[in-house]
Amino acid sequence: MSLETLERETLAQVDAAADEAALEAVRVAALGKKGTISEQMKGLGAMSPDERKNFGAALNLLKDKVTEAIATRKASLADKALNERLARETVDVTLPVRGEGRGTIHPVNQVWEEIVQIFGDLGFAVAEGPHIEDDFHNFDALNMPPEHPARQEHDTFYFNEKPDGSRLVLRTHTSPVQIRTMKTQAPPIRIIAPGRTFRSDSDMTHTPMFNQVEGLVIDETTHMGHLKWVLHEFCKAFFEVNEVRMRFRASHFPFTEPSMEVDIQCSWKDGQVKIGEGDSWLEILGSGMVHPNVMKASGLDPAKVQGFAFGMGIDRVAMLKYGIPDLRAFFDSDLRWLRHYGFRSLNVPTLAGGLS
Amino acid sequence: MKFTLSWLKDHLDTSATVDEIAAGLLGIGLEVEEISDKTKALAAFTVAHVQKAEKHPNADKLRLCVVETKDGVKQVVCGAPNARTGMKAIIALPGVTIPVTGAVFAPATIRGVESQAMMCSERELMLSDEHDGIIDVQGDWPVGTPAAQALGLDDPMFYVKVTANRPDALGLYGIARDLAAKGLGTLKPLAAPSVKGTFDSPIGVTLDFPKGDEKACPLFVGRYIRGVKNGPSPAWMQQRLKAIGLRPISALVDITNYITFAYARPLHVFDAGKVHGNITARFAREGETITALDNKSYTLAPGMTVIADEKGPEAVGGIIGGIPSCCTDGTVDVFLEAAYFDPVRTAATGRKLGINSDARYRFERGIDPAFTPVGAEIATQMILDLCGGEASHPVIAGKVPDTKRTFTLRKTRVKQLGGLDCPWADQLRILRALGFTVTEAAGGASCIPPSWRPDVNGEADLVEEICRIVGLENIPFAEMTRPHAVARPVLTPLQRRMLTTRRTLAARGFNEAVTYAFLPHSLAEMFGGGQKELQLANAISSELTDMRPSLLPNLLAAAARNLARGHAGFALSEVGHAYAGDQPKDETLRAGGIRQGEAVSRQWQGGVRLVDAFDAKADCLAVLDACGMAASTLQVVNTAPAWFHPGRSGTLQMGPQNKIAHFGEIHPKILAAMDVKGPVAAFEIVLNLIPAPRQKGTARPALVLSDLMSVSRDFAFVVDDKVQAAELVKAARGVDKVTVTEAQVFDVFKLADGKTSLALEVTLQPRDKTFTDEEIDALSARIVAAVTKATGGTLRG
């Protein structure tokens, strides 16, 4: 067989190989030890040097051609096989993904962080105190002796009397933290004290447990003007409005003197409240200059230091800011509510990134 | 405290509008809760004259009336039995909205006769519940007169919330004084009469208190008035009392109520004919009883002040009078009582007896003791004016208690404390207008509060008086200094952990809840609580009796509620406090979480997996890791509190005394008791117990990396069932902590005969050069030997 014929036939076989196995058989049949091309080598010995030179070169050329053809065919077969596989491997991408829990942060705690961000920027530390309090911290030291009428209005939860006649209470406000802070820390003091508080009251707008935040500043110069400024700046930052009108009204709390209640401007539309517009007023907090008796009870000298305190409902401002209608639902753990009013885990309030 | 505008004007000469007065009250600390002005509400209703009222031609119970209205004569069909010829009525003409229904009135044909207007009842105008007939307007009002005017309802009523420190503002005169100081009018001088007595009172008064308790009732002013004629009080007085929600009773009683509200001076009138002998103010005796004016019988106790005659208590001092000696229409002789009762004792007595009265409300806040004789004079004069009769000489026992005290107001103090720039002269003017006796002294003024201001007890109170009258809105904002140009961190490590924990759990799919800090006693006991000292003495419901010993019960209760609503496969968490005792140290901050039902729900790609202890363990480890605690520093032991499944729960601890977290499946019995469908995997971590991070500074330790590839080898050991995976891991790692960098159980297979096969993947990290086969074989042999020695296990063939 001439080399031309061999080449034609071998390349035809390569082209005809239907898969990699057939291609390998063609390769062995042509280039294997006993392959058709290898067999041609045996004839070289009987040739003249010139003949041998020409034939050898032609044979090598043929070998290279076939080798290359096999490689090309091999790649094309692999591509074909892959394309066939990929054509089989389709999915319906509209099918649902694997379930992952969608966690949330409770609005009270989100607002806790918002409040801490704002006051933290002004250098207020976060103080805490026990929920189970004694009369001294919850009442006496706050200028509310046992016979004080305001003490009756606190709807206090009591624990059972102890053998010594004393009885503990669930703190009715966060104000005992004022006392604990002043007793353990020397002025200047700047703290807020957010936390749970308790009153034996339960109706449409009251729950036996609720969340308050206390604020306390004690130094030598802080006065009512500073108090007003802080509350105004807080409200603008918290409610994320450029301006908000506030109403400062004289009031009375046993633990402050002078005392002040604060209303914030709002509008009501379709049962939704909007802060910073409209002509309605909403009471949001009580405040005042710390009463001299409170400072004395905490071991401070009211002739040397002075300062302000305020108390605000965290649940209440959360309701106002986020349009949550019912306080009782805060503590009901209804998943529908938690998922609707809750916040995503990475939605961390910061002053730089925004609070809400 | 309620009052009307015209009543206020008895004491305040003012041209201020209702809105101006309301704004003034609000600013000075007398919060206006409500202003009811019927003038607006009744603007569409006017007086009409019934010219003729006859029987309806087609109905026995209806009347056909011819009525003259401001829009001409109308024919009106009316069902009211009191519709009669000649009466004046309040008419609603077509197009007017009827308050009670909100419907617009339109003419209608009733039983064949057209009714062109409607005569209204009090209920239809929402003035009262009265609906037995139409309003029968009294007085000679011309047709077309506005209804509010003809009905005496054109006097706006103010409802003011008076804070506990202001007993003086529980009388209208005190409110007028504040408004005058504010500049909203001139306070009219008190018309204090001095009624001449013509005879000696046949009833004498004695104060009889144990030594030391005289202040229970230090003063009693009495007056005997004979020959009175009791009956209805005059219309003007009734109208005022009705306007503030009081029911007129009789002239004598109405006078005492009137003076209570006008001057914050509660009084009592006894029917002198029913008083036996003399009157004594004293403490009640054990077992004494009284039938009070509220028709209830009360058993009194020593320590309660009573006004008694020779037969027994006739009134509870400062709180309520008694039925036997009360005034009636037949009363001819009365004995008037104006006394001063100690606020603290009055409050205590009122609380114990459970009586709330206008008198108690004022006495317990501290009325003006110096006003006692004045009040008695005003009342005597009013009785003589309205009921006639003749007054005795006053009977006075005791004397006005001395309330005099002096405080200095420094000129600088209003600015220093209040932040208010108020000229000194204005400060003095305000204090004087409020009744303070002010004497200027060097650098300030010495101020004596008036007897009606028991709340003023220091310089800060003087500052408050000036600030509230000037108006807090006039205090300028004063910027606080920033302690640092760039704010410094303020949170404690525990507070940071609290936030980290919350968000870690939310990222792991938990919906964060905030549940009550209390729970039912039965639940408290189930979760290791229920101690006596953690039970509320005055719980408001049987569901909220005990402080929670753990976060889990309330989360499980929440799970039950959500399951009942059709939810399943959810995760609930809470970060909050639980209570091991009633001392501050017993309150710990915890993180709790529960996962209910399916951890992986059915899905087209694969099968359902139910939650198990390892979900809860993973949650714990994630939280602890987020809080900076390495899992390697924790021991895991297979014991947990009783509310967990005993075989599928564990504890993460740093030594037996420091149990940081529990995790596992909740005990089936607990689930059944709480009506929660299982399984539930739960955990609770005590965040307080996580040790503070040791690292100081921000730099991390240097990272030492090897260029050499690590080698991994698998071993399967057959061990007793009792052997824990951790023992294998510990033994394997113990061979060479530097070289054996990791050992992890990746397969567990139960065999027969109480044996288990545990497969362990061990990672070996060469240090200086790659391992030779011989070195790997040697290390493997040592690992097998160590595991065998530690656990008795054998390498599986």
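In the predicted model, helix α7 of chain B comprises the 13 residues 251-263. At 1.5 Å a residue, this helix should span 18 Å, and the distance between its end C-alpha atoms, 18 Å, agrees with that expectation. All of α7(B) is buried, 13 of 13 residues, so the helix is largely enclosed by the rest of the structure; a residue counts as buried here if 20 or more other C-beta atoms lie within 10 Å of its own. Just after α7(B), residue B:A264 adopts a positive phi of about 55°.

Chain B is divided into six assigned domains, domain 1 to domain 6. Domain 1 is made of two segments, 2-37 and 156-187, and domain 2 covers 40-150. Domain 3 extends over 205-398 and domain 4 over 407-469. Domain 5 (493-689) and domain 6 (711-795) complete the assignment. The centres of domain 3 and domain 4 of chain B, taken over C-alpha atoms, are separated by 35 Å.

For chain A, the assignment gives domain 1 (3-88) and domain 2 (107-341). Between the centres of these two domains of chain A, taken over C-alpha atoms, the separation is 91 Å. The radius of gyration of chain A is 43 Å, whereas a compact globule of 356 residues would have a value near 21 Å. Along the principal axes, the C-alpha atoms of chain A fill a box of roughly 135 × 50 × 45 Å. The secondary structure of this chain comes to 12 helices and 10 strands. Of the 356 residues of chain A, 43% count as buried. Among contacts in chain A with a separation of 6 or more, 66% are accounted for by residues 24 or more positions apart.

The contact between the two chains takes 66 residues from chain A and 80 residues from chain B. On the side of chain B that touches chain A, the elements giving two or more residues include the helices α2 (18-27), α8 (343-353), α11 (413-418) and α13 (459-470). Further such elements of chain B are α14 (493-507), α16 (552-564) and the strands β28 (511-512) and β31 (571-579). With seven residues, α14(B) gives the most to this side. The residues of chain B that form this side divide into 41 nonpolar, 21 polar and 18 charged.

Technical notes: Residues numbered from 1 in each chain as written. Chains lettered and ligands numbered in written order. Predicted model: local features only at pLDDT ≥ 70, side-chain atom pairs only at ≥ 80, totals over all residues. Contact = placed C-beta atoms within 7 Å. Helix = DSSP H or I, 4+ residues; strand = E, 2+ residues; numbered from the N terminus. Nonpolar A, V, L, I, M, F, W, Y, C, P; charged D, E, K, R; others polar. Domains from an automatic or database assignment. Expected span 1.5 Å × (residues − 1). Buried ≥ 20, exposed ≤ 12 C-beta atoms within 10 Å, placed from the backbone. Rg over C-alpha atoms; globule rule 2.2 N^0.38 Å.
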